Amino acid sequence: MSIAVTGATGQLGRLVVEDLLRRGVAAHDIIATGRNTDRLADLAERGVHVRQADFTDPTGLTEAFKGARKVLLVSTTTVGERFDNHTRAIDAAALAGAELIAYTSTLNAHTASMILADAHARTERYLRDSGVPGVVLRNGWYLENYTSQIPLYLRSGVVPGSAGAGRVSAASRRDYAEAAATVLTAEGHAGSVYELGGDTAFSLAELATALSAATGQEVVYGDLPAERFRSALLDAGLPAELAEVLADSDLGLKRGELFTDSPDLSRLIGRPTTTLTDALTGALGS
Ligand SMILES: NC(=O)c1ccc[n+]([C@@H]2O[C@H](COP(=O)([O-])OP(=O)(O)OC[C@H]3O[C@@H](n4cnc5c(N)ncnc54)[C@H](OP(=O)(O)O)[C@@H]3O)[C@@H](O)[C@H]2O)c1
């Protein structure tokens, strides 16, 4: 009967576990997994099964998924290691007898050419060929990717990027988490591929305008060649791999790879997605 969630020590996985509990899934029917399980102590106290699962350890993964009828595979963080990590997790879930694997992919994974999309597209194919029924949750960009940068935007008066006039269909982590919880708690989703994005896409210039309106301080969008954007991210202290991936993702945004007009996300969560204005206001108030 149980539902296993990977990455429960991280932000998205934690929100999924919380949402499952909110929907009335019994704590003893949830298996929350991650590497650093100290972060899950409060969930263990509430009766959730907490299990250590490292995607580099196939045996440990199979143990962690024991008894799980459904597994939510939250994509891991290190881009270069993702595909191998994900194949080990899919194999382990299959060995443990899972009847459904839901995977958090990226928007337009089948057509996008940005660096990030490759491991997701390959994982989707591996899942399809695994013999275990799968659901693909092609999550768009998080609104939090931008709201977490508000202090930087306000300090410099600039939203920097290489996205041109491209539009991003961003939604909050909470929106994506609720969609995952829906898929995990209802029948009939096996075989589906959902393109999940915010109801109203925006350009980075529109982001700057919305931030100006929310704060009363003028912020403009500064479009940079990708190489200069990458250098700016390095100067801001980001690790080299992340700076490269983010600059490359902005080029993908410019090409429309982070845009969708699919209503899948609001349909799955049964309400409109979080708006940019609400996300900015929430972040500024916290
Ligand atoms: N859509 C977007 O805009 C966007 C933006 C950023 C990232 N993402 C992707 O979405 C995923 C979830 O986002 P998030 O915000 O929840 O990220 P997060 O807070 O960084 O959480 C990442 C989770 O992955 C787990 N993890 C990483 N490597 C692992 C491994 N080898 N074995 C086991 N667990 C491992 C971490 O576990 P421990 O902490 O226990 O090590 C953590 O629970 C990210 O991992 C990334 O792939 C999407």
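Which strands does helix α4 lie across? Helix α4 (residues 82-95) lies across β4 (68-73) and β5 (100-106).

## About the model

This is a predicted model: local features need pLDDT of at least 70, side-chain atom pairs count only at pLDDT 80 or more, and totals for chains, interfaces and linings use all residues. Residues are numbered from 1 along each chain as its sequence is written, and side-chain values use heavy atoms, leaving out hydrogens and water.

## The sheet

Seven strands make an open sheet. Their order is β3-β2-β1-β4-β5-β6-β9, and the pairing is parallel. Helices (H or I, at least four residues) and strands (E, at least two) are DSSP runs, numbered from the N terminus. Two strands pair if DSSP finds at least two bridges between them. At the edges stand β3 (49-52) and β9 (193-196), each pairing on one side only. From one strand to the next, the twist averages 20°.

Strand β1 (residues 2-5) pairs with β2 (residues 30-34) in the parallel sense. Three bridges join them. Ala-4 has Ile-31 in β2 as its bridge partner.

## Helices on the sheet

Helix α4 runs at about 170° to β4. Axes are lines fitted to C-alpha atoms, for helices over the stretch in contact, and angles run from 0 to 180 degrees between N-to-C directions. Helix α8 (residues 173-185) also packs on the sheet. It touches β1, β4, β5, β6 (134-139) and β9, where contact means heavy atoms within 4.5 Å. The direction of α8 makes about 160° with that of β4.

## The ligand

The ligand is surrounded by 23 residues, each with a heavy atom within 4 Å of it. The closest are Thr-9, Leu-12, Arg-35, Ser-75 and Arg-82. By class, the shell has six nonpolar, twelve polar and five charged residues.

Polar contacts are pairs of N or O atoms within 3.5 Å. A backbone N or O atom of Gly-7 lies 3.3 Å from a ligand oxygen. For a backbone N or O atom of Asn-36, the distance to a ligand oxygen is 2.9 Å. In Arg-173, a side-chain N or O atom is 2.7 Å from an oxygen of the ligand. The protein covers 84% of the 890 Å² of accessible area that the ligand has on its own, by the Shrake-Rupley method with a 1.4 Å probe. The elements giving two or more residues to the shell are α1 (11-22) and α4.

Note on methods. Polar contact = N/O pair within 3.5 Å; in protein donor to acceptor, adjacent residues only side chain to side chain. Nonpolar A, V, L, I, M, F, W, Y, C, P; charged D, E, K, R; others polar.
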